Structures are given as structure tokens and as C-alpha cells.
Amino acid sequence: MAADPTPSGRSPAALLGRVRAWLGEPGTQRRTIVRNSLWESSNFAIASVIALFLTPFIVSRLGDSLYGVWEMVISLTGFLGFADLGVRPAAVHFIASHDARGEKEAVNRYVNTAFVTFSVAGLVVLALATVLAFTLPRMWGLAEGFEAQATAAILIVAGGFAIELPFNAFSAVLVGKQRYDLLRSISLMALGVRTGLTIYVLSQGWGLIALALVVVGTDTAMMLLYTVAAFRLEPALRFAPRMITRESLGKMLRFGGWAMVVIVAL
């Protein structure tokens, strides 16, 4: 008796068919949500596993004192992130809403408004970080020789943050278009390069400053790749800071202000 070519209800082919039917055609909201969730979850899981194994290696190479300095530097730059004034969530909101209506001119207006705002915030961050770089290490009571390394690390990491901040305007385009696959594939690639370089420079005994340069270099490269991806994804996107208007700036700061209230509350 010939075998039935129709896949049974419990066969892998049948299950895959039901999953595809449930997801719907490419571009549907359900498929987009599932795709983005998988990319976000995968990114988080991979980053967590790498951190689990890489952290003891960093501690062993830097030593307890310098690793403590490194954690303080990273925490400090995290607080400096408040300098964006909530502009990033505001940019995502306005870019997504205008893009959905096909209003490309408005998208460009908000992207360039965000870029200018981030640039000003970056200059403020750089000025503040310069002051902190020469005051905080003295307060930490570090051993001789560590204070200079801490100052250099703060300047490098904060300077990199100030340079990268304006490019958030373009990564917001990827978020607004729900292209988390592009965002996370680029961030995972940057994470892989950063992990490899971290292992290499610390194995060579190059220490805290080299580690700071690796982090800043890979983060900057990642933001540049986000920018390239945004321009490829949206051919109508333009870099034209002159497009900033008082209205777009006011709307972005008002929305961003409430976003900051939520962030601080959390």
C-alpha cells in the first residue's frame, strides 16, 4: 500500500505550516512582533552568556582595583546618558508616526532635529566629563598610578559617548521602522568584535586604557553602521541640519521631557 504523501497533523512539516499560517504573510504585525522579539531575546541571551564568561577574565587581567575603576567609569557614563533629555524615545515616536503616513519631509525634519539636539547634548557631556575626570579619581582613593589611568579612561569613554550620541538620530529610524533585525545583527557583530579585541588587548597586558579604547571604537563603529543601514533602508533620508524648526524642537523636547520623567521614576 502506498504511503500517504500528505503530512500528518503532528509531523514537523504540518507544525511548520501551522506556524506560518499563524504568523501570516511577510510584513504583517504579528510576524514583525515575533521577529523583533526573537532578535531582542537572542541578543540579550548572547550578551549575557558572554558577560558571564568574560567578566572573570577581565577581573583576572585588570585586578580588583582597576576592575572596580572600570565599573565606576561605565556607571558614570551610564548616568551621563540622561543628557539626551529623552530625545531618543521622542525621535522614535515622531519618526515612526510620520513614516507610517508616508510624510518623508517630516521624518527628515525630526531626524535632523534630533541630530542637532544630540550634538549639543554631546558637547555638554564632554564638558561635564572633563571636569569629573580630573576630580572623581582623586575622591576614589586609588593606589599610585591608578589615578591617571582612571582619568584617561573617563575621558576616552565619555568622549566616545559624546561622539556617538548624535548618531542616535539615525538609529532611531531603524527603531521607528521596526527593523530590530538590522539593529541586533549589527550590535551582535560589534559585540563579537569587542569580545575578541578585549581578550586580545588584556592578554597582551595593555590594561584599562586599551580596554576603554576597544569599547569606544566598537561602539562608534556600531553607530556608524546603524547610520549606513538607516540611509539604505530609507532612500529619502537626508542629512540637513538646516531643516530643524522651532516647532519640531519644541514637540521633541516636550515628549522627551515626559519620557525622562518615566525613565527617572523607573
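The model is predicted, so local features need pLDDT of at least 70 and side-chain atom pairs count only at pLDDT 80 or more, while totals for chains, interfaces and linings use all residues. Residues are numbered from 1 along each chain as its sequence is written, and side-chain values use heavy atoms, with hydrogens and water left out.

The protein chain has 11 helices and 0 strands; here helices (H or I, at least four residues) and strands (E, at least two) are DSSP runs, numbered from the N terminus. Its C-alpha trace spans about 85 × 55 × 35 Å along the principal axes. Of the 266 residues, 40% are buried, where buried means under 20% relative accessible area, exposed means over 50%, and partly exposed is in between (1.4 Å probe, protein chains only). A contact means heavy atoms within 4.5 Å. Among contacts with a separation of 6 or more, 79% are between residues 24 or more positions apart.

Helix 3 covers residues 64-80.

Axes are lines fitted to C-alpha atoms, for helices over the stretch in contact, and angles run from 0 to 180 degrees between N-to-C directions. That angle makes helix 3 roughly parallel to helix 7, given that angles under 35 degrees count as roughly parallel, over 145 as roughly antiparallel, 65 to 115 as roughly perpendicular and the rest as oblique. Helix 3 contributes Ser65, Leu66, Val69, Trp70, Val73, Leu76, Thr77 and Leu80 to the contact, and helix 7 contributes residues including Phe146, Ile154 and Phe161. By class, this contact has 13 nonpolar, 3 polar and no charged residues. (Ala, Val, Leu, Ile, Met, Phe, Trp, Tyr, Cys and Pro count as nonpolar, Asp, Glu, Lys and Arg as charged, and the others, Gly among them, as polar.)

With helix 10, the axis of helix 3 comes within 11 Å and crosses at roughly 30°, which again makes the pair roughly parallel. Here Leu66, Val69 and Trp70 of helix 3 meet Leu208, Leu211, Ala212 and Val215 of helix 10. This contact has 7 nonpolar, no polar and no charged residues.

Now for some single residues. Asn43 lies in helix 2 and counts as buried, at 16% relative accessibility. Not counting residues up to four places away in sequence, Asn43 touches Arg184, Ser187 and Leu188.

Gln178 sits in the loop between helix 8 (168-176) and helix 9 (180-203). Its phi is near 60°, a positive value in a residue other than glycine. Most residues other than glycine have a negative phi. Gln178 is partly exposed, with a relative accessible area of 35%.

Thr245 is in the loop between helix 10 and helix 11 (246-265) and is partly exposed, at 29%. Thr245 and Asn112 are 133 residues apart in sequence, yet 9.6 Å apart in space, C-alpha to C-alpha.
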